[in-house]
Amino acid sequence: MKRSRFSEEPVIYALRQSEADTPVGDVCRQRDVSEATFYVWKKKYAHLGVSELQRLRKVKEENSRVKRLVANLSLDKHMLSEALRKKD
């Protein structure tokens with residue numbers, strides 16, 4: 001998945017600007033993003049604050065690390081069971 005070039009703070013700031021009666025088109029021009037990107041941000045992050053967004057990112061990173069670890073352990077288990085089968 002492609003990583004965003006924007007961190008949480010600018011995203012939240014852009015969403016707050018639109019809530020403060022700044023037109024969406026102006027906010028998008030200032031941030032150099034498309035309106036589609038803005039509405040994706042709004043759908044994902046409108047209900048979150050900066051601290052909650054940072055916590056969410058940390059949880060997602062930890063989840064991906066755990067998934068990689070499980071995949072590696074599954075591969076190791078498969079290789080060991082194949083080696084035991086060949087031994088018999």
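**Exercise 1.** Which residues does Q17 touch, not counting residues up to four places away in sequence?

*Solution.* The structure is a predicted model, in which local features need pLDDT of at least 70 and side-chain atom pairs count only at pLDDT 80 or more, while totals for chains, interfaces and linings use all residues. Residues are numbered from 1 along each chain as its sequence is written, and side-chain values use heavy atoms, with hydrogens and water left out. Begin by placing Q17, which belongs to helix 1 (residues 8-19); helices are DSSP runs of H or I with at least four residues, numbered from the N terminus. Then look for contacts, meaning heavy atoms within 4.5 Å: with residues up to four places away in sequence left out, Q17 touches T22, V27, Q30 and R31.

**Exercise 2.** Decide whether Q17 and S18 are buried or exposed.

*Solution.* Buried means under 20% relative accessible area, exposed over 50%, and partly exposed in between, with a 1.4 Å probe and protein chains only. Q17 has a relative accessible area of 14%, so Q17 is buried. S18, also placed in helix 1, counts as buried because its relative accessibility is 17%. Not counting residues up to four places away in sequence, S18 touches V24, V27 and F38.

**Exercise 3.** Describe how helix 2 and helix 3 cross.

*Solution.* The axes of helix 2 (residues 24-31) and helix 3 (residues 35-45) come within 9 Å and cross at roughly 105°. Helix 2 is therefore roughly perpendicular to helix 3, a term for angles of 65 to 115 degrees. On helix 2 the contact involves V24, G25, V27 and C28, and on helix 3 it involves E35, F38 and Y39.

Key. Axes fitted to C-alpha atoms, helices over the stretch in contact; angles between N-to-C directions. Helix = DSSP H or I, 4+ residues; strand = E, 2+ residues; numbered from the N terminus. Parallel < 35°, antiparallel > 145°, perpendicular 65-115°, else oblique.
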